[in-house]
Amino acid sequence: QVQLVESGGGLVQAGGSLRLSCVASGSVFRINNMGWYRLAPGKQRELVATMSTTGSTDYADSVKGRFTISRDNAKNTVYLQMNSLKPEDTAVYYCRTVVTTLGLATYIYWGQGTQVTVSS
């Protein structure tokens with residue numbers, strides 16, 4: 001069993017910054033792709049940013065130049081640095097990881113979500 005624990009969400013004024021963290025623990029053999037998605041009221045869930053094991057990244061057009069994804073493989077942790085936040089970034093942010101377990105099976109895990117609210 002693998003658990004993902006997210007932290008770092010909160011309320012911030014437009015133009016401010018937040019840093020989200022997501023730690024994977026449990027029966028982890030290897031963390032593969034890690035990423036962040038968000039779900040805003042009345043909208044579909046969208047990809048925000050992902051990072052592969054080789055470090056290649058992919059960002060939603062709406063966050064390019066403002067958000068940065070990074071990972072610490074030794075800590076099984078992925079981060080999302082969010083700068084120049086806008087009210088339209090308000091959403092619940094979810095961590096998603098592809099994990100190879102100690103039993104060498106590969107699964108997709110999701111975090112519980114962390115609320116980010118940007119006031120105008």
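Student: Where does Thr101 lie?
Tutor: Thr101 lies in strand 9, and please keep in mind that the model we are looking at is a predicted one.

Student: And is Thr101 buried or exposed?
Tutor: Its relative accessibility is 8%, and because buried means under 20%, Thr101 counts as buried.

Student: Which residues does Thr101 touch, if I skip those up to four places away in sequence?
Tutor: Leaving those out, Thr101 touches Val2, Ser27, Phe29, Tyr107 and Tyr109.

Student: Which strand does strand 9 pair with, then?
Tutor: Strand 9, which covers residues 91–101, pairs with strand 4, residues 28–39, in the antiparallel sense, and nine bridges are found between these two strands. One place to look is Tyr37, which stands opposite Tyr94 in strand 9.

Student: What stands opposite Tyr37 in strand 5?
Tutor: That is Leu47, and the pairing of strand 4 with strand 5, residues 46–51, is antiparallel over five bridges.

Student: How many residues sit between the strands in the hairpin of strand 4 and strand 5?
Tutor: There are six residues between them, and in this hairpin Gly42 takes a positive phi near 80°.

Student: New topic: how many disulfides does the structure hold?
Tutor: The structure holds one disulfide, which joins Cys22 to Cys95 with an S to S distance of 2.2 Å. The pair links distant parts of the chain, since Cys22 is in strand 3 and Cys95 is in strand 9, 73 residues apart.

Student: What kind of bond is a disulfide, anyway?
Tutor: In general, a disulfide is a covalent bond between the sulfur atoms of two cysteines.

Student: Why is the disulfide of Cys22 and Cys95 left-handed?
Tutor: The torsion about the S-S bond is about -80°, and therefore the disulfide of Cys22 and Cys95 is left-handed.

Student: Are Cys22 and Cys95 buried or exposed?
Tutor: Both Cys22 and Cys95 are buried.

Student: Now the sheet, please: in what order do the four strands of the open sheet come?
Tutor: The order is 1-3-8-7, and the pairing in this open sheet is antiparallel. Strand 1, residues 2–7, and strand 7 stand at the edges with a single partner strand each, so one side of each is left without a neighbour in the sheet. Direction ignored, neighbouring strands of this sheet are turned by 15° against each other on average.

Student: How many bridges join strand 3 to strand 8?
Tutor: Six bridges join strand 8 to strand 3, residues 18–26, and the two run antiparallel. Within this pairing, Val23 stands opposite Thr77 in strand 8.

Student: And what about strand 7 and strand 8, how many bridges are there?
Tutor: Strand 7, residues 67–72, also pairs with strand 8 in the antiparallel sense, over six bridges. Here Asp72 stands opposite Thr77, while Phe67 has Met82 as its bridge partner in strand 8. These two strands form a hairpin with four residues between them, and in the turn Asn76 has a positive phi of about 50°.

Student: Last one: why is strand 8 largely enclosed by the rest of the structure?
Tutor: Strand 8 runs over residues 77–82, and five of its six residues are buried, so strand 8 is largely enclosed by the rest of the structure.

Terms used:
Residues numbered from 1 in each chain as written. Predicted model: local features only at pLDDT ≥ 70, side-chain atom pairs only at ≥ 80, totals over all residues. Heavy atoms only, no water. Buried < 20%, exposed > 50% of the residue type's maximum accessible area, 1.4 Å probe, protein only. Pairing = 2+ DSSP bridges. Disulfide = S-S within 2.5 Å. Axes fitted to C-alpha atoms, helices over the stretch in contact; angles between N-to-C directions. Contact = heavy atoms within 4.5 Å.
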